[in-house]
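Trainee: Could you take me through this structure feature by feature, giving the general idea before the particular case?

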Amino acid sequence: MTSDSSLPAPAHILADSMLSRHFGRETANYFSSSPLNRLSFLRSDHPFLSTALKHPSTRFILLNNLAPLSRSSAELYYAKHEEVAKLVPQDIFDKSEEDMIKSYDSRKTHPTLIFLGLDEGQKAGGMAWKVYTGTPYFAVDVTPKGSEEQTTAAKDIIGAMEAKGLSFFQSRIITTFSADEAAIYAQSRALTDWNTRNTFCGTCGNTTLAVNAGTKRACPPTDLARESEGKSAERPACNTRTTLSNLSFPRTDPTIIVAVVSADAKRILLGRSKRFPPGWYSTLAGFIEPAESIEDAVRREVYEEAGVILSRVVIHSSQPWPYPANLMIGAIAQVSDPAHETISLEHDPELEDARWFDIEEVEEALRIGTSDLSAEAGPDYKGGLRLPPPTAIANQLIRSAVQAEYFAAKNSKM
Ligand SMILES: [Zn+2]
């Protein structure tokens, strides 16, 4: 196991239990294990949200076209309410959610505002609500868009922040924040992106309204804007209002990612795509399809991409991946018969190459050949295999797959 301080610590780290004795230490992946208590059951409680919004300890994560406002590439900036007041009126939650829906007017646009949770590790000066005490966190989308008023306010905020020497950190994938900040950023990014993509109802095509503090979108039954066109405010019927429907909830797209071990447990199957730098290989991955189990998806992807037939599949750990809404479900799988190890790239030509690597070579690459996809290999790298960094679940899967003890504990059960 890596001692990288950018990785979250498993919640049970000091706890002894039958499960931890049997299965070992849990792997907590980058972007997971947020320090915030999400308090999801309070997202429609406007007295709570209103108090949180007005509390002096409250902090805001700002995103501009999904790039987070940051002090540096290693640190987020947490804004105070006064710094976002032009976009986020303090009385925004004074109305009940029911009244917000009833008075919906599609001409009035609002930035996406998401309640992320309470940091109960920051109790001093924090907000107290029932049994919960801590610092409330929100994310706010400051991308200039919407009505002219909203666009101007967003531009003003961006200008004021940049004048302070802060910037919106542009990076295809961010892996430079601490573990806690990475988790807060991941939640902010995933939900802001989902709201941006769902401004129209997937069932009736009309505009939607963010409710539940930015974690649900409603298709309001009326729109006051229609009255200005001489129509009734009533919109056409939409079954998202009457039936239990997941159309207006944020999606998470499950993806499998797998470290494949040979029948003799001495080699690991890795593949590379054309976009990887020379020598760089990783675990195989792909989307889980509708009506497919995680284990079925692992077996299908490995067969389609590499022609290898798997037997037992064990779920190892998972990683939220907010680009845009994936949950990487990490597995370790083994081939039971050497005849099933033959590689074929003929089925689905997604990979440029797939190959079995000896465990010694993989261990060496874990020591000296890991880096971000776009970064140079470390100073000790002397050619040969390169692998993803510890912030990627692929690295954690490979690390476990080469550890003899990971298998030894379960030999009788495989
Ligand atoms: Zn609708």
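Predicted model: local features only at pLDDT ≥ 70, side-chain atom pairs only at ≥ 80, totals over all residues.

Trainee: In which sense do β3 and strand β8 pair, and over how many bridges?

Mentor: Strands (E, at least two residues) and helices (H or I, at least four) are DSSP runs, numbered from the N terminus, and two strands pair if DSSP finds at least two bridges between them. Here β3 and strand β8, which covers residues 167-168, pair in the antiparallel sense over 2 bridges, and L69 stands opposite F168 in β8.

Trainee: Which residues make up strand β2 and strand β3, and how do the two strands pair?

Mentor: Strand β2 is formed by residues 59-64 and strand β3 by residues 67-72, and they pair in the antiparallel sense over 2 bridges. The bridge partner of N64 is A67 in β3, and the two strands form a hairpin with 2 residues between them. As a general idea for looking at such strands, side chains in a regular strand alternate between the two faces of the sheet.

Trainee: How is β3 joined to β4?

Mentor: A hairpin joins β3 to β4 through 2 residues. Strand β4 consists of residues 75-76 and runs antiparallel to β3, with 2 bridges joining them, and S72 stands opposite E75 in β4.

Trainee: What should I look for in the backbone angles of N65, and where is N65 found?

Mentor: Most residues other than glycine have a negative phi, and most peptide bonds are trans. N65, in the loop between β2 and β3, has a phi near 50 degrees, a positive value in a residue other than glycine. L66 lies in the loop between β2 and β3, and its phi is positive, at about 75 degrees, although L66 is not a glycine. As for the peptide bonds, the one from Y323 to P324 is cis, with omega near -5 degrees, and P324 has its place in the loop between β14 (313-321) and β15 (326-334).

Trainee: Does N212 count as buried or exposed?

Mentor: A residue is buried if 20 or more other C-beta atoms, placed from the backbone, lie within 10 Å of its own, exposed if 12 or fewer do, and partly exposed in between. N212 counts as buried because it has 20 C-beta neighbours inside 10 Å, whereas N65, with 13 such neighbours, counts as partly exposed, and L66, with 18, counts as partly exposed. N212 has its place in the loop between β9 (209-211) and β10 (216-218). Leaving aside residues up to four places away in sequence, N212 touches R43 and S44, where contact requires that the C-beta atoms, placed from the backbone, lie within 7 Å.

Trainee: At what angle do helix α8 and helix α9 pack?

Mentor: Axes are lines fitted to C-alpha atoms, for helices over the stretch in contact, and angles run from 0 to 180 degrees between N-to-C directions. Helix α8 (residues 359-368) packs against helix α9 (residues 393-402) at an angle of about 135 degrees, with their axes 10 Å apart. The contact is made by I359, V362, E363 and L366 of α8 together with I398, R399 and V402 of α9.

Key: Residues numbered from 1 in each chain as written. Contact = placed C-beta atoms within 7 Å.
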